[in-house]
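Hi there,

Here is the structure I promised to pass on to you.

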Amino acid sequence: MSKDIMKVVIIGSGLVGAATAIALRKAGHECTLYDQVNLAEAAAKATGGIVAVDFGDSGGSVMLRSNALRVIRDLGLLHEVMANSSPNILTHFQKIDGSAPIVHKTMEEVARIEPEKDLQAPRQIMRSKLHSIFVTAAHKAGVKTIVGKKAIRVEETTDRGVNIRFVDGSGVYGDLVVGADGIHSVTRRQIFGEETKPKFTGVIGYIGVVDLQVNNIALDQTCSFFVDRMKKHLVSTFKVSEKLAAIQVMVFGDPDPEEEEGYRPYSDLPKHSARLGDLIESWGVPKNIAEMMRKSFRISPASIYDLPDLTAYHKGHVVLLGDSAHGMVPNAGLGLGAGIEDVGVFFELLQKYPDEKDLDTVLRLYSAIRVPSATFQSNNSRTLAEQFYSTTFGSSGGQFLLRLFINAINYNLYQPIKEVYDCKKVVERAIAKEKNEAQ
Ligand SMILES: Cc1cc2nc3c(=O)[nH]c(=O)nc-3n(C[C@H](O)[C@H](O)[C@H](O)COP(=O)(O)OP(=O)(O)OC[C@H]3O[C@@H](n4cnc5c(N)ncnc54)[C@H](O)[C@@H]3O)c2cc1C
(Lines give C-alpha, C1' and ligand atoms only; values in the text may rest on other atoms or scores of the structure.)
Protein backbone atom coordinates (compact mmCIF):
# COMPACT_ATOMS: atom_id res chain seq x y z
CA MET A 1 0.00 0.00 0.00
CA SER A 2 1.48 3.37 -0.94
CA LYS A 3 1.98 5.97 1.70
CA ASP A 4 0.67 9.43 0.93
CA ILE A 5 2.63 12.38 2.19
CA MET A 6 0.42 14.93 3.89
CA LYS A 7 0.98 18.65 3.66
CA VAL A 8 0.56 19.81 7.25
CA VAL A 9 0.24 23.42 8.37
CA ILE A 10 1.11 24.10 12.03
CA ILE A 11 -0.18 27.33 13.52
CA GLY A 12 2.10 28.32 16.39
CA SER A 13 5.82 27.59 16.68
CA GLY A 14 5.92 27.52 20.49
CA LEU A 15 7.19 24.50 22.40
CA VAL A 16 4.36 22.19 21.34
CA GLY A 17 4.18 23.41 17.71
CA ALA A 18 7.93 22.91 17.23
CA ALA A 19 7.85 19.45 18.87
CA THR A 20 4.88 18.46 16.68
CA ALA A 21 6.82 19.53 13.58
CA ILE A 22 9.70 17.20 14.52
CA ALA A 23 7.24 14.33 15.06
CA LEU A 24 5.51 14.95 11.71
CA ARG A 25 8.83 15.02 9.83
CA LYS A 26 9.93 11.81 11.56
CA ALA A 27 6.66 10.24 10.45
CA GLY A 28 7.49 11.32 6.88
CA HIS A 29 5.08 14.22 6.36
CA GLU A 30 5.69 17.67 4.94
CA CYS A 31 5.06 20.46 7.39
CA THR A 32 5.53 24.18 7.87
CA LEU A 33 5.34 26.20 11.07
CA TYR A 34 3.56 29.57 11.01
CA ASP A 35 3.82 32.01 13.89
CA GLN A 36 2.70 35.55 14.51
CA VAL A 37 5.96 36.29 16.34
CA ASN A 38 9.12 37.25 14.51
CA LEU A 39 11.88 36.13 16.91
CA ALA A 40 12.88 32.97 15.08
CA GLU A 41 13.51 34.84 11.82
CA ALA A 42 15.79 37.37 13.45
CA ALA A 43 17.82 34.66 15.15
CA ALA A 44 17.86 32.43 12.06
CA LYS A 45 19.08 35.31 9.86
CA ALA A 46 21.83 36.07 12.31
CA THR A 47 23.07 32.49 12.12
CA GLY A 48 22.75 31.86 8.40
CA GLY A 49 19.26 30.41 8.48
CA ILE A 50 19.36 27.11 10.33
CA VAL A 51 21.29 26.58 13.52
CA ALA A 52 21.58 28.00 17.03
CA VAL A 53 18.26 29.76 17.40
CA ASP A 54 18.25 31.16 20.91
CA PHE A 55 15.50 33.34 22.28
CA GLY A 56 17.31 34.65 25.33
CA ASP A 57 16.26 33.83 28.85
CA SER A 58 12.77 35.30 28.82
CA GLY A 59 9.84 33.19 30.00
CA GLY A 60 11.45 31.56 33.04
CA SER A 61 11.77 27.82 33.41
CA VAL A 62 9.62 24.71 33.00
CA MET A 63 9.74 21.35 34.72
CA LEU A 64 9.69 18.17 32.63
CA ARG A 65 8.63 14.90 34.27
CA SER A 66 9.26 11.41 32.90
CA ASN A 67 6.08 11.48 30.76
CA ALA A 68 7.55 14.38 28.73
CA LEU A 69 11.14 13.07 28.88
CA ARG A 70 10.02 9.79 27.28
CA VAL A 71 8.50 11.64 24.31
CA ILE A 72 11.57 13.87 24.04
CA ARG A 73 13.65 10.68 23.85
CA ASP A 74 11.43 9.37 21.01
CA LEU A 75 12.07 12.64 19.18
CA GLY A 76 15.84 12.04 19.56
CA LEU A 77 16.45 15.03 21.86
CA LEU A 78 16.81 13.53 25.35
CA HIS A 79 20.58 13.84 25.51
CA GLU A 80 20.49 17.54 24.67
CA VAL A 81 17.65 18.25 27.11
CA MET A 82 19.46 16.39 29.92
CA ALA A 83 22.67 18.31 29.21
CA ASN A 84 20.87 21.64 29.48
CA SER A 85 18.68 20.98 32.53
CA SER A 86 19.09 20.01 36.17
CA PRO A 87 17.30 17.44 38.34
CA ASN A 88 14.54 18.43 40.72
CA ILE A 89 14.68 15.96 43.61
CA LEU A 90 12.56 17.83 46.18
CA THR A 91 9.87 20.52 46.03
CA HIS A 92 9.43 22.89 48.99
CA PHE A 93 6.18 24.57 50.02
CA GLN A 94 6.37 27.18 52.78
CA LYS A 95 4.63 30.21 54.17
CA ILE A 96 5.61 33.51 52.57
CA ASP A 97 8.43 34.10 55.12
CA GLY A 98 9.93 30.63 54.60
CA SER A 99 8.45 29.19 57.82
CA ALA A 100 6.49 25.91 58.20
CA PRO A 101 8.28 24.20 55.27
CA ILE A 102 6.74 21.11 53.69
CA VAL A 103 8.99 18.94 51.54
CA HIS A 104 7.52 16.95 48.67
CA LYS A 105 9.77 14.05 47.66
CA THR A 106 9.25 14.73 43.97
CA MET A 107 11.74 12.24 42.55
CA GLU A 108 10.68 9.46 44.94
CA GLU A 109 7.07 9.90 43.83
CA VAL A 110 8.05 9.54 40.16
CA ALA A 111 10.40 6.61 40.95
CA ARG A 112 7.42 4.55 42.18
CA ILE A 113 5.99 4.48 38.67
CA GLU A 114 9.00 5.14 36.41
CA PRO A 115 11.28 2.07 36.16
CA GLU A 116 14.01 3.86 34.18
CA LYS A 117 16.45 5.45 36.63
CA ASP A 118 17.61 8.22 34.24
CA LEU A 119 14.06 9.48 33.87
CA GLN A 120 13.05 9.49 37.54
CA ALA A 121 14.17 13.00 38.43
CA PRO A 122 12.03 15.74 36.88
CA ARG A 123 14.23 18.25 35.01
CA GLN A 124 14.22 22.04 35.30
CA ILE A 125 15.10 23.76 32.04
CA MET A 126 14.93 27.33 30.78
CA ARG A 127 11.91 27.62 28.52
CA SER A 128 14.02 29.55 25.97
CA LYS A 129 16.66 26.78 25.93
CA LEU A 130 14.06 24.05 25.39
CA HIS A 131 12.46 26.10 22.61
CA SER A 132 15.83 26.60 21.00
CA ILE A 133 16.50 22.81 21.10
CA PHE A 134 13.09 22.04 19.52
CA VAL A 135 13.22 24.76 16.84
CA THR A 136 16.78 23.89 15.84
CA ALA A 137 15.87 20.17 15.56
CA ALA A 138 12.78 21.03 13.47
CA HIS A 139 14.88 23.17 11.11
CA LYS A 140 17.49 20.42 10.79
CA ALA A 141 14.69 17.99 9.93
CA GLY A 142 13.70 20.31 7.06
CA VAL A 143 10.80 22.17 8.64
CA LYS A 144 10.36 25.75 7.45
CA THR A 145 9.23 28.36 9.97
CA ILE A 146 7.37 31.31 8.51
CA VAL A 147 6.98 34.16 10.97
CA GLY A 148 5.03 37.39 11.10
CA LYS A 149 1.95 35.30 10.16
CA LYS A 150 -0.98 35.84 12.50
CA ALA A 151 -3.75 33.40 11.61
CA ILE A 152 -7.21 34.97 11.65
CA ARG A 153 -9.43 32.48 9.75
CA VAL A 154 -9.50 28.71 9.59
CA GLU A 155 -11.98 27.15 7.14
CA GLU A 156 -12.59 23.61 6.02
CA THR A 157 -12.73 23.18 2.24
CA THR A 158 -15.07 20.93 0.27
CA ASP A 159 -12.24 18.44 -0.44
CA ARG A 160 -11.75 18.00 3.35
CA GLY A 161 -8.63 20.15 3.45
CA VAL A 162 -8.27 23.38 5.39
CA ASN A 163 -7.60 26.98 4.34
CA ILE A 164 -5.82 29.36 6.68
CA ARG A 165 -5.97 33.11 6.21
CA PHE A 166 -3.41 35.43 7.82
CA VAL A 167 -3.83 39.01 8.93
CA ASP A 168 -1.52 40.25 6.12
CA GLY A 169 -4.04 38.93 3.56
CA SER A 170 -1.99 35.87 2.53
CA GLY A 171 -3.25 32.31 2.85
CA VAL A 172 -2.15 28.68 2.90
CA TYR A 173 -3.82 25.29 2.36
CA GLY A 174 -3.18 22.17 4.40
CA ASP A 175 -4.39 18.55 4.14
CA LEU A 176 -4.22 18.79 7.93
CA VAL A 177 -3.98 21.85 10.17
CA VAL A 178 -2.45 21.62 13.65
CA GLY A 179 -3.58 24.35 16.04
CA ALA A 180 -0.61 24.77 18.40
CA ASP A 181 -1.39 28.43 18.95
CA GLY A 182 -1.67 28.42 22.72
CA ILE A 183 -4.45 29.00 25.23
CA HIS A 184 -6.02 31.91 23.26
CA SER A 185 -5.98 29.78 20.06
CA VAL A 186 -7.66 31.35 17.02
CA THR A 187 -7.67 27.89 15.41
CA ARG A 188 -9.79 26.51 18.29
CA ARG A 189 -12.16 29.47 18.37
CA GLN A 190 -12.68 29.33 14.60
CA ILE A 191 -13.36 25.59 14.54
CA PHE A 192 -15.06 24.98 17.91
CA GLY A 193 -16.70 28.40 18.40
CA GLU A 194 -16.13 31.52 20.47
CA GLU A 195 -17.59 29.82 23.55
CA THR A 196 -14.29 27.93 23.89
CA LYS A 197 -12.61 31.07 25.19
CA PRO A 198 -10.34 30.64 28.24
CA LYS A 199 -11.41 32.19 31.53
CA PHE A 200 -9.21 34.70 33.35
CA THR A 201 -8.46 33.41 36.87
CA GLY A 202 -7.72 36.84 38.34
CA VAL A 203 -4.06 35.91 38.81
CA ILE A 204 -1.36 38.03 37.21
CA GLY A 205 2.32 38.30 37.77
CA TYR A 206 5.85 38.54 36.49
CA ILE A 207 8.53 36.00 35.74
CA GLY A 208 12.19 36.96 36.03
CA VAL A 209 15.45 35.20 35.36
CA VAL A 210 18.48 35.88 37.52
CA ASP A 211 22.17 35.11 37.36
CA LEU A 212 22.86 33.74 40.85
CA GLN A 213 26.63 33.70 40.47
CA VAL A 214 27.11 37.22 39.15
CA ASN A 215 24.81 38.57 41.87
CA ASN A 216 26.25 36.33 44.59
CA ILE A 217 22.83 35.01 45.64
CA ALA A 218 22.61 31.75 47.59
CA LEU A 219 19.71 29.47 46.60
CA ASP A 220 19.68 25.93 48.00
CA GLN A 221 16.30 24.67 46.88
CA THR A 222 15.64 23.73 43.24
CA CYS A 223 11.87 24.28 43.32
CA SER A 224 10.24 26.29 46.05
CA PHE A 225 6.88 27.98 46.70
CA PHE A 226 6.26 30.80 49.22
CA VAL A 227 2.57 31.46 49.79
CA ASP A 228 0.48 33.94 51.77
CA ARG A 229 -2.98 32.42 51.57
CA MET A 230 -4.76 35.30 53.29
CA LYS A 231 -3.32 37.98 50.98
CA LYS A 232 -3.20 35.60 47.98
CA HIS A 233 0.46 36.21 47.18
CA LEU A 234 2.57 33.48 45.65
CA VAL A 235 6.31 33.62 44.95
CA SER A 236 8.02 30.60 43.34
CA THR A 237 11.69 29.97 42.60
CA PHE A 238 13.24 27.44 40.22
CA LYS A 239 16.97 26.75 40.14
CA VAL A 240 17.99 25.63 36.65
CA SER A 241 21.76 25.52 37.19
CA GLU A 242 24.35 26.82 39.66
CA LYS A 243 24.26 29.99 37.57
CA LEU A 244 20.65 30.55 36.51
CA ALA A 245 17.31 30.57 38.32
CA ALA A 246 13.80 31.78 37.57
CA ILE A 247 11.43 33.55 39.95
CA GLN A 248 7.65 34.02 39.57
CA VAL A 249 5.61 36.57 41.52
CA MET A 250 1.84 36.05 41.31
CA VAL A 251 -1.04 38.03 42.85
CA PHE A 252 -4.79 37.51 42.85
CA GLY A 253 -6.98 40.44 41.78
CA ASP A 254 -10.28 41.19 43.57
CA PRO A 255 -13.41 39.74 41.89
CA ASP A 256 -15.50 42.52 40.31
CA PRO A 257 -18.54 41.63 38.16
CA GLU A 258 -18.42 45.13 36.60
CA GLU A 259 -15.10 44.34 34.94
CA GLU A 260 -15.04 42.56 31.56
CA GLU A 261 -12.83 39.71 32.81
CA GLY A 262 -14.55 39.50 36.22
CA TYR A 263 -11.64 40.95 38.21
CA ARG A 264 -10.47 44.43 39.07
CA PRO A 265 -7.10 44.90 37.37
CA TYR A 266 -4.36 44.60 39.95
CA SER A 267 -2.73 47.99 39.57
CA ASP A 268 -0.19 47.95 42.39
CA LEU A 269 2.20 45.47 40.85
CA PRO A 270 5.28 47.30 39.55
CA LYS A 271 6.85 46.19 36.26
CA HIS A 272 10.32 47.09 37.40
CA SER A 273 12.44 44.29 38.91
CA ALA A 274 13.98 46.40 41.70
CA ARG A 275 10.56 47.67 42.81
CA LEU A 276 9.08 44.17 42.54
CA GLY A 277 11.94 42.92 44.74
CA ASP A 278 11.15 45.62 47.32
CA LEU A 279 7.44 44.76 47.15
CA ILE A 280 7.93 41.05 47.81
CA GLU A 281 10.33 41.83 50.63
CA SER A 282 7.49 43.90 52.16
CA TRP A 283 5.30 40.77 51.78
CA GLY A 284 7.82 39.00 54.03
CA VAL A 285 9.80 36.71 51.68
CA PRO A 286 13.35 35.81 52.81
CA LYS A 287 16.02 38.34 51.78
CA ASN A 288 17.73 36.09 49.18
CA ILE A 289 14.37 35.59 47.41
CA ALA A 290 13.65 39.33 47.28
CA GLU A 291 17.18 39.83 45.94
CA MET A 292 16.51 37.29 43.17
CA MET A 293 13.64 39.45 41.93
CA ARG A 294 15.60 42.69 42.32
CA LYS A 295 18.47 41.36 40.22
CA SER A 296 16.31 39.64 37.57
CA PHE A 297 16.70 40.56 33.94
CA ARG A 298 14.16 40.15 31.11
CA ILE A 299 11.00 40.31 33.20
CA SER A 300 8.04 38.71 31.37
CA PRO A 301 4.41 39.39 32.35
CA ALA A 302 2.01 36.46 32.87
CA SER A 303 -1.79 36.46 33.16
CA ILE A 304 -3.21 33.13 34.23
CA TYR A 305 -6.16 31.70 32.29
CA ASP A 306 -7.98 28.37 32.50
CA LEU A 307 -9.53 26.77 29.43
CA PRO A 308 -12.90 25.04 29.93
CA ASP A 309 -12.62 21.29 29.22
CA LEU A 310 -13.27 20.37 25.58
CA THR A 311 -14.93 17.09 24.61
CA ALA A 312 -12.79 16.59 21.47
CA TYR A 313 -9.46 17.92 20.26
CA HIS A 314 -10.20 17.61 16.55
CA LYS A 315 -12.88 18.48 14.06
CA GLY A 316 -12.61 17.55 10.38
CA HIS A 317 -8.94 17.82 9.51
CA VAL A 318 -8.05 20.36 12.20
CA VAL A 319 -6.40 19.08 15.36
CA LEU A 320 -5.40 20.88 18.56
CA LEU A 321 -2.22 20.11 20.50
CA GLY A 322 -0.88 21.73 23.69
CA ASP A 323 -2.44 24.72 25.42
CA SER A 324 -4.83 25.33 22.52
CA ALA A 325 -6.53 22.04 23.52
CA HIS A 326 -6.16 22.13 27.31
CA GLY A 327 -4.48 25.30 28.59
CA MET A 328 -4.50 24.85 32.35
CA VAL A 329 -3.57 26.87 35.44
CA PRO A 330 0.16 26.40 36.01
CA ASN A 331 0.09 25.57 39.76
CA ALA A 332 0.89 21.88 39.36
CA GLY A 333 3.47 22.39 36.57
CA LEU A 334 1.60 19.91 34.34
CA GLY A 335 0.67 22.05 31.28
CA LEU A 336 3.65 21.54 29.04
CA GLY A 337 3.94 17.88 30.04
CA ALA A 338 0.35 17.37 28.86
CA GLY A 339 1.20 19.11 25.56
CA ILE A 340 4.27 16.92 25.07
CA GLU A 341 2.11 13.84 25.78
CA ASP A 342 -0.18 15.06 22.94
CA VAL A 343 2.85 15.10 20.63
CA GLY A 344 3.91 11.60 21.76
CA VAL A 345 0.47 10.10 21.18
CA PHE A 346 0.05 11.87 17.83
CA PHE A 347 3.50 10.62 16.75
CA GLU A 348 2.68 7.00 17.71
CA LEU A 349 -0.62 7.16 15.84
CA LEU A 350 1.01 8.62 12.72
CA GLN A 351 3.48 5.75 12.74
CA LYS A 352 0.75 3.11 13.24
CA TYR A 353 -1.41 4.65 10.49
CA PRO A 354 1.01 6.13 7.92
CA ASP A 355 -1.54 6.36 5.06
CA GLU A 356 -3.33 9.66 4.54
CA LYS A 357 -6.56 7.69 4.05
CA ASP A 358 -6.32 6.73 7.75
CA LEU A 359 -6.12 10.34 8.94
CA ASP A 360 -9.68 10.22 10.34
CA THR A 361 -8.73 7.17 12.43
CA VAL A 362 -5.62 8.94 13.72
CA LEU A 363 -7.61 12.01 14.74
CA ARG A 364 -10.49 10.04 16.28
CA LEU A 365 -8.09 7.96 18.38
CA TYR A 366 -6.05 11.06 19.28
CA SER A 367 -9.12 12.76 20.80
CA ALA A 368 -10.29 9.54 22.49
CA ILE A 369 -6.89 9.06 24.14
CA ARG A 370 -5.98 12.64 25.00
CA VAL A 371 -9.25 14.22 26.19
CA PRO A 372 -9.66 12.13 29.41
CA SER A 373 -5.97 12.30 30.25
CA ALA A 374 -5.53 16.07 29.80
CA THR A 375 -8.88 16.78 31.52
CA PHE A 376 -7.61 14.81 34.53
CA GLN A 377 -4.44 16.95 34.57
CA SER A 378 -6.43 20.19 34.23
CA ASN A 379 -8.54 19.14 37.22
CA ASN A 380 -5.44 18.28 39.29
CA SER A 381 -4.04 21.72 38.47
CA ARG A 382 -7.31 23.39 39.50
CA THR A 383 -7.33 21.50 42.82
CA LEU A 384 -3.78 22.58 43.62
CA ALA A 385 -4.56 26.20 42.63
CA GLU A 386 -7.57 26.19 44.98
CA GLN A 387 -5.41 24.78 47.74
CA PHE A 388 -2.80 27.53 47.17
CA TYR A 389 -5.34 30.33 47.41
CA SER A 390 -7.82 28.83 49.90
CA THR A 391 -8.44 30.99 52.97
CA THR A 392 -11.15 28.72 54.47
CA PHE A 393 -8.92 27.35 57.23
CA GLY A 394 -6.71 30.43 57.65
CA SER A 395 -3.02 30.55 56.89
CA SER A 396 -1.86 27.85 59.33
CA GLY A 397 -4.87 25.59 58.68
CA GLY A 398 -4.24 25.78 54.93
CA GLN A 399 -0.57 24.91 55.42
CA PHE A 400 -1.58 22.02 57.71
CA LEU A 401 -3.96 20.60 55.07
CA LEU A 402 -1.27 20.91 52.39
CA ARG A 403 1.14 19.10 54.76
CA LEU A 404 -1.36 16.23 55.15
CA PHE A 405 -1.79 16.03 51.37
CA ILE A 406 1.97 16.11 50.62
CA ASN A 407 2.75 13.61 53.39
CA ALA A 408 0.09 11.26 52.03
CA ILE A 409 2.00 11.35 48.72
CA ASN A 410 5.43 11.07 50.41
CA TYR A 411 4.35 7.98 52.38
CA ASN A 412 2.63 6.48 49.33
CA LEU A 413 -0.82 6.60 50.94
CA TYR A 414 -2.09 8.63 47.99
CA GLN A 415 -0.81 8.33 44.44
CA PRO A 416 -2.16 11.09 42.15
CA ILE A 417 -0.62 9.44 39.06
CA LYS A 418 -0.83 5.65 39.10
CA GLU A 419 1.19 4.77 36.03
CA VAL A 420 3.91 6.37 33.92
CA TYR A 421 2.49 7.81 30.70
CA ASP A 422 3.94 5.56 28.01
CA CYS A 423 2.57 6.79 24.67
CA LYS A 424 3.27 3.49 22.88
CA LYS A 425 1.30 1.48 25.46
CA VAL A 426 -1.49 4.03 25.63
CA VAL A 427 -1.94 3.94 21.85
CA GLU A 428 -1.80 0.13 21.68
CA ARG A 429 -4.46 -0.12 24.41
CA ALA A 430 -6.76 2.34 22.64
CA ILE A 431 -6.47 0.44 19.35
CA ALA A 432 -7.15 -2.89 21.12
CA LYS A 433 -10.17 -1.38 22.89
CA GLU A 434 -11.63 -0.12 19.59
CA LYS A 435 -11.11 -3.56 18.01
CA ASN A 436 -12.82 -5.30 20.96
CA GLU A 437 -15.75 -2.92 20.83
CA ALA A 438 -16.11 -3.47 17.08
CA GLN A 439 -16.34 -7.27 17.52
C1 LIG B 1 3.81 31.06 34.68
C2 LIG B 1 3.75 29.72 33.99
C3 LIG B 1 4.57 28.67 34.43
C4 LIG B 1 4.50 27.40 33.83
N5 LIG B 1 5.30 26.37 34.29
C6 LIG B 1 5.19 25.14 33.75
C7 LIG B 1 5.99 24.01 34.22
O8 LIG B 1 6.81 24.14 35.11
N9 LIG B 1 5.81 22.79 33.64
C10 LIG B 1 4.90 22.60 32.64
O11 LIG B 1 4.74 21.46 32.16
N12 LIG B 1 4.14 23.63 32.17
C13 LIG B 1 4.26 24.88 32.69
N14 LIG B 1 3.51 25.91 32.21
C15 LIG B 1 2.62 25.66 31.07
C16 LIG B 1 3.40 25.73 29.77
O17 LIG B 1 4.12 26.93 29.73
C18 LIG B 1 2.43 25.66 28.59
O19 LIG B 1 1.64 24.51 28.74
C20 LIG B 1 3.21 25.58 27.26
O21 LIG B 1 4.04 26.70 27.08
C22 LIG B 1 2.23 25.49 26.10
O23 LIG B 1 2.94 25.45 24.90
P24 LIG B 1 2.18 25.67 23.53
O25 LIG B 1 3.24 25.53 22.49
O26 LIG B 1 0.97 24.82 23.47
O27 LIG B 1 1.64 27.17 23.58
P28 LIG B 1 2.44 28.53 23.61
O29 LIG B 1 3.72 28.39 24.34
O30 LIG B 1 1.47 29.55 24.12
O31 LIG B 1 2.79 28.84 22.09
C32 LIG B 1 1.81 29.25 21.17
C33 LIG B 1 2.49 29.85 19.96
O34 LIG B 1 1.48 30.18 19.01
C35 LIG B 1 1.70 31.47 18.50
N36 LIG B 1 0.39 32.02 18.11
C37 LIG B 1 -0.64 32.32 18.93
N38 LIG B 1 -1.69 32.79 18.22
C39 LIG B 1 -1.31 32.76 16.92
C40 LIG B 1 -1.97 33.12 15.71
N41 LIG B 1 -3.21 33.59 15.68
N42 LIG B 1 -1.29 32.96 14.54
C43 LIG B 1 -0.01 32.49 14.54
N44 LIG B 1 0.65 32.14 15.67
C45 LIG B 1 0.01 32.27 16.84
C46 LIG B 1 2.37 32.23 19.63
O47 LIG B 1 3.12 33.34 19.15
C48 LIG B 1 3.25 31.15 20.26
O49 LIG B 1 4.52 31.10 19.67
C50 LIG B 1 3.58 27.19 32.78
C51 LIG B 1 2.77 28.25 32.32
C52 LIG B 1 2.85 29.51 32.92
C53 LIG B 1 1.96 30.64 32.42
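A word on confidence before the rest: pLDDT is the predictor's confidence in each residue, on a scale from 0 to 100. You will want it here, as this is a predicted model. The chain has a mean pLDDT of 90, with 94% of its residues at 70 or more. The stretch to treat separately is 42-57, where the pLDDT is below 50. In the model, this stretch still has 31 contacts beyond near neighbours in sequence.

Now the overall layout. Where the two domains are in contact, domain 1 contributes 21 residues and domain 2 contributes 23.

Which residues come closest to the ligand? They are D35, R127, A151, D323 and L336, out of 30 residues that surround it. Both domains take part, since domain 1 and domain 2 each provide at least three residues of the shell. By type, the shell holds 15 nonpolar, 9 polar and 6 charged residues.

Several secondary-structure elements supply at least two shell residues each: α1 (15-26), β3 (61-64), β16 (244-252) and α11 (335-352). Of these, α11 gives the most, with 3 residues.

- R127: an N or O atom of its side chain is 2.8 Å from a ligand oxygen.
- A151: a polar backbone atom is 2.9 Å from a ligand nitrogen.
- Q36: a polar backbone atom is 3.2 Å from a ligand nitrogen.

How much of the ligand's exposed area does the protein bury? The ligand taken alone exposes 1,000 Å², and the protein buries 84% of that.

Best wishes

Definitions and conventions
Residues are numbered from 1 along each chain as its sequence is written. This is a predicted model: local features need pLDDT of at least 70, side-chain atom pairs count only at pLDDT 80 or more; totals for chains, interfaces and linings use all residues. Side-chain values use heavy atoms; hydrogens and water are left out. A residue is near a molecule or strand if one of its heavy atoms lies within 4 Å of it. A polar contact is a pair of N or O atoms within 3.5 Å; within protein, one must be able to donate a hydrogen and the other to accept it, and residues adjacent in sequence count only if both atoms are side-chain atoms. Accessible areas come from the Shrake-Rupley method with a 1.4 Å probe; for residues, only the protein chains shown count as cover. Helices (H or I, at least four residues) and strands (E, at least two) are DSSP runs, numbered from the N terminus. Ala, Val, Leu, Ile, Met, Phe, Trp, Tyr, Cys and Pro count as nonpolar, Asp, Glu, Lys and Arg as charged, and the others, Gly among them, as polar. Domain bounds come from an automatic or database domain assignment. Contact means heavy atoms within 4.5 Å.
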